[in-house]
Amino acid sequence: MNNPSDDAALSLMKFGIGQPVPRTEDPTLVRGRGRYTDDVNKPNQAYAVMVRSREAHGVIRGIDTDAASKMPGVLAVLTAKDLEAYGGMKCALPIKNKDGSPLKTTVRPALTADKVRFVGDPVACVVAQTLGQAKDAAEAVAVDIDPLPAVTKASEAAKSGAPQLYDDIPGNIALDYHYGDSAKVEAAFQSAEHTVKLDLLNTRLIVAAMEPRAAIGEFDKGRWVLTSCSQGAFGLKGSLVDILKAKPEEVRVLTGNVGGSFGMKAAVYPEYICILHAAKALGRAVKWTDERTGSFVSDHHGRDHEMTGELALDKDGTFLALRFTGYGNMGAYLNPVSPLMPTLNAVKNTASVYKTALIEVSSKCVYTNTTLVSAYRGAGRPEGNYYVERLIDTAAREMGIDRLELRRRNFIKPKEMPYHAASDMTYDSGDFPAVFKRALEMSDYKGFTKRKRESKRAGKLRGIGVGCFLEVTAPPNKEMGGLRFEANGDVTIITGTLDYGQGHAAPYAQVLTTKLGIPFEKIKLLQGDSDELIAGGGTGGSRSITASGQAIVEASAKVIENGKQIAAHVLEASAGDIEFKNGRFVIAGTDRAVGIMELAAKLRGGLKLPEGMPKTLDVKHASEPVQSSFPNGCHIAEVEIDPATGETHVVKYTGVSDFGTIINPLLVDGQVHGGVVQGIGQALMEVARYDSDGQFITGSFMDYAMPRAHDAPPFVTANVEVPAKSNPLGTKGCGEAGCAGGLASVMNAIVDALAERGITHLDMPASPPRVWAALQAAPQSA
């Protein structure tokens, strides 16, 4: 007969914390058995299609819906007047202007009534019996717009005389932000032996999630139900409650499988309000599914910052101060989090792994006639680290200091932890020199000279780039840690983060297996039903394993606490004599025990318990907000450039990271790979563009390049685990780090390769035409 303790030990060896357990969602998803929003259909459902502005800026003189309303199958044609009872989408961040006044936010209606402010701004919603009928009728809606001049670039929109999007927001400035002591920073620059200055463009990106957005609205018995993609059902419900002016119990959000988001699917969108209203008005479910062309203009975009970065150094290369001045493009309205990226997140993440005494950030968040900009994988973290790493390489070249040595001189040392950075963040842990050293060794940095000679013989330019990074992660929100022992013997984890591709089920189960000894295969995960949640911060900011992990750990402790009392009754012992280990409640000093799953079975079977004793092992728990964690790393990229065509390839890539305690190394590697490829995409090819009239000119994959499998290099990755001290698992988050390391290392490698031709800076994207043009314009090519 097997010893239960031995079985538990073997289970931990295979499924415990630190084991490379494959994603448990994959067998369902790769067989096409996932249930995404568009897979859901309701009886007698109607279909919605949005009517969007084709002008970037203009006054609405009229919307003629008569013809559309009379077309076959049409049930309703909604305009702004139909939705006047509802609130709008807004940003409520408590960020203030440098003069102390609040940011100038917008309250975005689901359908605009007076003006259109970007191509794609929704003006009407057609609901019909079939999708085809709704599309036909949408084409028949006549929108009369008097065009106005448009502005699409943030720095241009902030100039005197630029087209004004709002009468009550002078200069299109949503937020004039400042952080730091200007006098001290200026003094540091004045006393510096050397200063460097770079204009740095962080390009606008299309999120291009694999699954376009979709939603179904229902209204039944006084209750709204939205089935939709999201990044967290609890948070989306909270926003809907506010906009619909409803009570919390009157709104439910359901989210199934989600095919990618990267920040884009977190917020409420106009389409959701339209279909919920239509469902109530028509007494039937209403479904809306975006198509790729629509998603290019209606989904929130990413990045789009114009920054001037400056670095002051003393004669030895010690960093004295960093200063950033620039603009963040908000688009036509404020998303709930969009002002964060060029402001607070720039401050937090430009500090990075270095002992920089002073940081100043002066940035303006500006309205433009473009699609809204919001969080995109990293949300200010990759941007901040990219700015710093480009400045460091430039300073090293200008000062004649080896770029590796310059970094070494300025690293924060482990003995200096906890370290209070100039960003006002306190780093609790990290060994940045060790990560750096490991990356150099694994990348064979010393062998680069030989590889460069080999590339030269083949007619190619070769460069190597270093990208060190540190991210401030885990936005502070309460998180649910629910545990439910089911009638069929399974145990369900209930938590408010949401898996939209990360693979949460396996690592969350690994934590629970480690803490309670529950068999891995018995553990299920429930995240996407707001009715089941008592808290939930959603997934974003690399917070999931840290926030949900802490909640699961705390919930497990409550299960043990209750279980000891129940086990004491079953074993006829005192609760004080009961210990819990290896999944069993044991009378101390004896071999008498009852397993946790056996105890759950007894409770299901009707075990009679004394008054005052817990009646279940189930737990509904909300943990307090987890503190920020600080994942960090060093990525090293090598590129080859064909000078005849400008074509650039990343040919070698090494990434060493400190993510604290690694729950599942297999999934961590996958997250790093995905982030790096997105970083490569931005560095080499991706950019969303508008023309001077505000027309979107990269509106499909014919015009917007995306990285493909052959653009991804062979990856070599490793982890240096320095556990965080801010949470019980010691985790630091890994979801966005690949972007941070990828942007900086690849762009530094490209400039390194071009440096022999006299090119010292190139903005993203380093596409073949832009690289070729830079080579032609370089002095050596003249």
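Modeller: Strands here are DSSP runs of E with at least two residues, while helices are runs of H or I with at least four, and both are numbered from the N terminus. Two strands count as paired if DSSP finds at least two bridges between them. Before we go on, keep in mind that this is a predicted model, where local features need pLDDT of at least 70 and side-chain atom pairs count only at pLDDT 80 or more, while totals for chains, interfaces and linings use all residues. Residues are numbered from 1 along each chain as its sequence is written, and side-chain values use heavy atoms, leaving out hydrogens and water.

Now zoom out a bit: S25 and S26 belong to an open sheet of three strands in the order S25-S26-S27, with antiparallel pairing. S25 (578-581) and S27 (593-595) are the edge strands, so called because each pairs on one side only. From one strand to the next, the twist averages 20 degrees (axes are lines fitted to C-alpha atoms, for helices over the stretch in contact, and angles run from 0 to 180 degrees between N-to-C directions).

A helix goes with this sheet, too. Helix H17, residues 596-604, lies across S25, S26 and S27, where contact means heavy atoms within 4.5 Å.

Glu572 is worth a click: its phi is positive, about 55 degrees, although Glu572 is not a glycine. Most residues other than glycine have a negative phi, and most peptide bonds are trans. Asp424 is another residue other than glycine with a positive phi, near 75 degrees. You'll find Asp424 in the loop between strand S19 and strand S20 (426-427).

Follow the chain to the other end of S19 (419-420), and you reach the loop between helix H12 (403-410) and S19, which holds Pro418. The peptide bond leading from Met417 into Pro418 is cis, with omega near -5 degrees. Met764 and Pro765 are joined by a cis peptide bond as well, with omega at about -5 degrees. Pro765 sits in the loop between helix H19 (737-754) and helix H20 (768-777).

Now let's set another sheet beside the one we began with. This open sheet has four strands in the order S24-S23-S22-S28, and its pairing is mixed. At its edges are S24 (523-526) and S28 (619-623), each of which pairs on one side only. Here the twist averages 20 degrees from one strand to the next. Look at S22 (residues 479-485) next to S28: they run antiparallel and are joined by five bridges. Within that pairing, Leu483 stands opposite Val619 in S28.

Helix H15 (residues 505-516) lies across S22, S23 (491-494) and S24, and runs at about 130 degrees to S24.

Finally, a side-chain link to look up. Arg323 forms a salt bridge with Glu186 (a salt bridge is a side-chain nitrogen of Lys or Arg within 4 Å of a carboxyl oxygen of Asp or Glu), and their closest N and O atoms are 2.9 Å apart.
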